[in-house]
Amino acid sequence: MQHATFRTRASRPGNRPLFVLLAVLLLACPGAPLQASDFSPNEVSSQQTVELYQNIPGLTSEQLAFGQTAIRKMNYNSQRIFRKICAMPGTNFQQAQSAIEVLQRERFTFAQVQSYEAFADLPGMDVQTGMGGLQTVKELSYVSARAFRNYAGVEGVNAKQALSIIPVVDKMDEIRCKAAEAMFAVKGMRVETAHKGLSTLSRLRDNQAKAAETFARIADMDPETMLSGMEIIARIGPDNAWNARCLFTNPEVSAKGAWNWLTGYFVLPTEAQE
């Protein structure tokens, strides 16, 4: 029995010149992907920013032209921040001009942009507070920016409180920033409890802060248990804090169970644990 040899029509020797010609024509033909290169995301951002700038009350034709030119010179991150400033209550040309000077001089990271946007959306925001936060947000590192954004999401936080907390978070090292980030994210967290937690967190040593972070990340954690647990964590030694941290990473451990371990074991003297 002879085996048939399969060969496509395009692969036959006599058809190779036609196949090559077809391939060349397809490559040379302009298509949708090439047309997409004409699209500029920054141009869309510029237009959105100009539209918000034009809503500032009392702008003259010269001020409108100044803003349009300045906006198109901004990078994408600066435009996002400037849109928030333009929309703040009380913004006038002088304040917009001051913001433009800062945004043209400074380069904001994406994490800082996200932080400023969260800050700008808080209750009680006005342009004076917004301008005050422009330079302070610029000082936030990647980890402190994450902590601050979670703080901005805490129930009851207003713009002035957030402005005052930025330097506090920015002075924290990475270990405590991560603990603060986790604490602020606890479901139901309110601003009064968050501030008490920050005060406790400032007293924790490294292993204790790591234990506090994992304690906060327990799925059913609540603010009251979080706060009382941190006070207990502040009293335990580095070895017990490390062991508590490891225990709290177990997904089967509940907030109540973790608190029971803290009060019934980790806080006890070593001889009582054995």
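Is C177 buried or exposed? C177 is buried, at 1% relative accessibility, where buried denotes under 20% relative accessible area, exposed over 50% and partly exposed in between (1.4 Å probe, protein chains only). The model is predicted: local features need pLDDT of at least 70 and side-chain atom pairs pLDDT 80 or more, whereas totals for chains, interfaces and linings use all residues. Residues are numbered from 1 along each chain as its sequence is written, and side-chain values use heavy atoms, without hydrogens and water.

View 1. C86 is buried, with a relative accessible area of 9%. The structure contains zero disulfides (cysteine sulfur pairs within 2.5 Å).

**View 2. L201 and its contacts.** Leaving aside residues up to four places away in sequence, L201 touches M172, R176, A179, A180, A209 and M230 (heavy atoms within 4.5 Å).

**View 3. The aromatic pair F215 and F248.** Nine aromatic pairs are counted (ring centres of Phe, Tyr and the six-membered ring of Trp within 6.5 Å; planes under 30 degrees apart stacked, over 60 edge-to-face, the rest tilted). F215 and F248 form a tilted pair, 5.3 Å centre to centre with 50 degrees between the planes. This pair links helix α13 (residues 206-216) with helix α15 (residues 238-248), its members being 33 residues apart; helices are DSSP runs of H or I, at least four residues, numbered from the N terminus. Both F215 and F248 are buried.

Definitions and conventions
Helices (H or I, at least four residues) and strands (E, at least two) are DSSP runs, numbered from the N terminus.
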